[in-house]
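Please look at the sequence and the model together, and keep both in view while you read. The paragraphs below lead from the whole chain to single residues.

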Amino acid sequence: MEINLHAKNRPENRLKIAKTSAVKPLISLISSSDSQLQEYGVTAIFNLSLCDENKGLIASSGAIKPLARALKTGTSMAKENAACALLCLSQLEENKVAIGLSGVIPLLENKIRAVQAGIMKPLVELMADFGIKHGGQVSVCFEHVGHGS
């Protein structure tokens, strides 16, 4: 998909693409029963989420639930890119609760790829923020993450 290439290889295009109302159609691809279309959608949203200015727009457009579904049921590529997209989106404070409530923190925790990619620290911060705001419900996750980081 051409949007993926433009967003991946040209960082300045990420904001331009999001401003063209491309986010919602890409999110609809994430829910496709066609695994290749799902991968395209997840990958494009991940690439767009690398731009700080897009994080709020992506989340408010409804990407968190489809990304969470892709993380649970997608192909291995869709799962990896969904995890990365969710972690990128979690850098925006107002997205943390929605991501935590989507039930993906244990899945993110178990992603060995996340540890290898050096993104365990943002995951721990996300879990800390979520745990503090919701009565420490993720304390069990901390024990597992502490051993893997």
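The model is a predicted one, in which local features need pLDDT of at least 70 and side-chain atom pairs count only at pLDDT 80 or more, while totals for chains, interfaces and linings use all residues. Residues are numbered from 1 along each chain as its sequence is written, and side-chain values use heavy atoms, with hydrogens and water left out.

The protein chain contains twelve helices and zero strands, where helices (H or I, at least four residues) and strands (E, at least two) are DSSP runs, numbered from the N terminus. Of the 149 residues in the protein chain, 44% are buried; buried means under 20% relative accessible area, exposed means over 50%, and partly exposed lies in between (1.4 Å probe, protein chains only). The protein chain exposes about 7700 Å², and carbon and sulfur atoms supply 56% of this area, as found by the Shrake-Rupley method with a 1.4 Å probe, in which only the protein chains shown count as cover for residues. Among the contacts in the protein chain with a separation of 6 or more, 63% are accounted for by residues 24 or more positions apart, a contact being heavy atoms within 4.5 Å.

Leaving aside neighbours within four places in sequence, Ser61 is in contact with Val23, Lys24 and Ile27. Is Ser61 buried or exposed? With a relative accessibility of 17%, Ser61 counts as buried. A polar atom of the Ser61 side chain also lies 2.7 Å from the backbone oxygen of Leu57. That pair can be compared with the rule for a polar contact (a pair of N or O atoms within 3.5 Å; within protein, one must be able to donate a hydrogen and the other to accept it, and residues adjacent in sequence count only if both atoms are side-chain atoms).

Leu57 and Val23 are also touched by Ala18, together with Leu48 and Asn54, when residues up to four places away in sequence are not counted. Ala18 belongs to helix α2 and is buried, at 4% relative accessibility. The C-alpha atoms of Ala18 and Cys51 are separated by 9.6 Å, although the two residues are 33 residues apart along the chain.

Two further serines lie in the loops on either side of α3. Ser21, in the loop between α2 (11–19) and α3, is exposed at 58% relative accessibility. Most residues other than glycine have a negative phi, yet the phi of Ser21 is near 65°, a positive value. Ser32, in the loop between α3 and α4 (35–49), is partly exposed, with a relative accessible area of 21%. A polar atom of the Ser32 side chain lies 3.0 Å from the backbone nitrogen of Asp34, and Ser32 touches Leu37 and Gln38, not counting residues up to four places away in sequence.

How many salt bridges does a search of the whole structure find? The search finds two, a salt bridge being a side-chain nitrogen of Lys or Arg within 4 Å of a carboxyl oxygen of Asp or Glu. One joins the side chains of Asp52 and Lys55 (3.4 Å, N to O); Asp52 is exposed at 53%, whereas Lys55 is buried at 3% relative accessibility. The other joins Glu93 and Lys96 (3.5 Å, N to O), which both lie in helix α8 (residues 93–101), three residues apart, about one turn of the helix.

The cysteines complete the tour. The count of disulfides comes to zero, a disulfide being a pair of cysteine sulfur atoms within 2.5 Å. For Cys88, the closest cysteine sulfur is in Cys84, at 6.8 Å, which is too far for a bond. Cys88 is buried, at 11% relative accessibility, and Cys51 is buried with a relative accessible area of 11%.
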